[in-house]
Amino acid sequence: MNLGVKLGELEFKNPVIAASGTFGFGREYEQYFDLNILGGISGKGITPKPRTGNPPPRIAETPSGILNSVGLQNPGLKRYIEEELLYLSQFDIINIANAAADTIDDYCMMVSVLSQEEAVDAIELNVSCPNVKTGCLAFGTDEKELDLLLSKVRRECKKPLIVKLTPNTQNIAKMAGICQDNGADAISAVNTFLGLAIDISTKRPVLKNNFGGLSGPCIKPIALRMISQIYSEVSIPIIAMGGISNHLDVIEYMIAGAALCMVGTANMRDPYAIPGIIGGLSDYCRDNKIDSISSFTGSLKLYQGDED
Amino acid sequence: MMYSILENKALSVDVYMMTIEAPAIAASCYPGQFLSVLVPYDKSLLLRRPISICDTKDTSVTIIYQIKGEGTRLISTLKEGDRADVLGPLGVGFPVPENKKTAIVGGGIGVFPLLFLKNRLISNNSVDCYLGYKNKECVLLCDEFSYGTSNVCVSTDDGSLYNCGYITDFFEKDSSSFDIVYSCGPKDMLRQVKRICEKNDTLLYVSLEERMGCGIGACLVCACKTYSANGPGFDYKHVCKDGPVFDSREVIL
């Protein structure tokens, strides 16, 4: 029974990766479980300079979900390299650096610098965060911008390149195609959906930033459909995320086409969520005599017509 | 982690007191810290509710919470013998010194975590208490503050019980005589206490509140504005991990 998954040259011990933004750089979870059990981690999104982020409130609870508008608060590239990378390098897990920027030049700079770091195993390009007012939204929702960005970034990027797509777009499968055409090594999808919550006693949004990103179990059906559509469009591997709360969700996403999964919002409810999921996958594969978990990937059989 | 509930009783129409059997938490927690409680029975309410620790006894821990919405309402339906899913103790609490003349200034439900602080302070410090409530229906726990303290001043905004007026006005009259002040309550009240303590150049610790996510410092949603460590401008620290208790000089209220 083998939980291991290969993505190009990268070898994940299991398909579970801690999603960017919900897990910091791992430190806060160390007291809850041994971080070495993780297949991988995608750290908090890093920008060229430190960012303070949006004013609070930055979170609203919604039915089976949350809206967040953190606004990419992060220590900046320099401190990430000097402090966080050193910390992360002690663990035997795939370390994905999530990078965001305002301009193509800055994306290229980030990717070029991160490509020099031994402790970075892969770079996840954040073109999809809906909370940043300046520019970040544009790349992930505009075919021409995305194409131009990726053509330049691919040249600078010496590490496996994962592009994290936003679902706030007309045709996510088409965007995935653009990523493949530009030589991306993998797609990660989906980021959060743009949403709103209102406090009826004040007639104001709950979030100080007004709109925010929706995540959690409520988005799973939509995210799952998007993964299936992306899988029909591209042949590069897909890392899926969107409301995963247990091992059955992981299997569902893998059947839809995912090679690996990321778990985010679930950690906020239960710091033991990821160990529970990894354990659950192990038990499931053992009980159902699954030799290799990778065999689930893309095994969905869509109905074509009238067949049973 | 799951803990047995020893008691979960109503103190008033919308305020409940829950005691859980939690020896490890009781042994390690200190005033100002909080517990993160999972909402039972309804998985669609994803987030844990952060509730301040109000007291400990040997192996048990007590929290007091107000019913604000469906989550806290469901928590209030848990019975003695049920189990509560709780994370904690979390956060940075109040520092407890020795041989100081201290004052506690609490407003409304902000009074509850200050009880734990009072119980620890009285061992080696003099403690004066100032407790303010909106009206007599909100008045809770002020008798407990009498034990071990030099003086307890209670007021209601509308004068329906005890003194009439804002508690900060009563505190201000005595404010120059304290070494350290501790405060918890509505933000407007904290602003007044901060103004008064700045006037007297008195050390002040405040307990802040902000909507939380993970509660353990990873997701960064519970931001509170602080003066920048280097240079002008501001930064955001986080209530669950850097707080809830802050030196008032650090925070921009």
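Which element supplies the largest share of the lining of the second largest pocket? In this predicted model, local features require pLDDT of at least 70 and side-chain atom pairs count only at pLDDT 80 or more, whereas totals for chains, interfaces and linings use all residues. Residues are numbered from 1 along each chain as its sequence is written, chains are lettered from A and ligands numbered from 1 in the order in which they are written, and side-chain values use heavy atoms, with hydrogens and water left out.

The largest share of that lining, five residues, comes from E14(B). Strand E14 (234-238) and strand E13 (223-227) of chain B, together with helix H1 (76-88) of chain A, each supply at least two lining residues; helices (H or I, at least four residues) and strands (E, at least two) are DSSP runs numbered from the N terminus. The second largest pocket has a volume of about 880 Å³. Of its 31 lining residues, Gln73(A), Pro75(A), Arg79(A), Asp235(B) and Tyr236(B) are the closest to its centre. The lining divides into nine nonpolar, ten polar and twelve charged residues (Ala, Val, Leu, Ile, Met, Phe, Trp, Tyr, Cys and Pro count as nonpolar, Asp, Glu, Lys and Arg as charged, and the others, Gly among them, as polar).

The structure also holds one cavity of 30 Å³ or more. The space in the largest cavity amounts to about 510 Å³. Its lining comprises 35 residues, with Ser20(A), Thr22(A), Asn68(A), Asn191(A) and Thr192(A) nearest the centre. Strand E6 (65-68), strand E16 (260-263) and helix H8 (265-269) of chain A give two or more residues to this lining, and the largest share, three residues, comes from H8(A). By class, 16 residues of the lining are nonpolar, 17 polar and two charged. On a 1 Å grid over the protein atoms alone, a cavity is a set of points where a 1.4 Å probe fits but cannot get out, and a pocket is an open set with protein on both sides within 12 Å along at least five of seven lines; lining residues have an atom within 4 Å of a point.

In chain A, the axes of helix H7 (residues 247-256) and helix H9 (residues 273-287) come within 8 Å and cross at roughly 70°. H7(A) is therefore roughly perpendicular to H9(A) (65 to 115 degrees). His247(A), Leu248(A), Val250(A) and Ile251(A) of H7(A) meet Ile277(A), Gly280(A), Leu281(A) and Tyr284(A) of H9(A), with contact taken as heavy atoms within 4.5 Å.

Conventions:
Axes are lines fitted to C-alpha atoms, for helices over the stretch in contact, and angles run from 0 to 180 degrees between N-to-C directions. Angles under 35 degrees count as roughly parallel, over 145 as roughly antiparallel, 65 to 115 as roughly perpendicular and the rest as oblique. Grid points are joined across faces, edges and corners, and a volume is the space filled by probe spheres set on the points.
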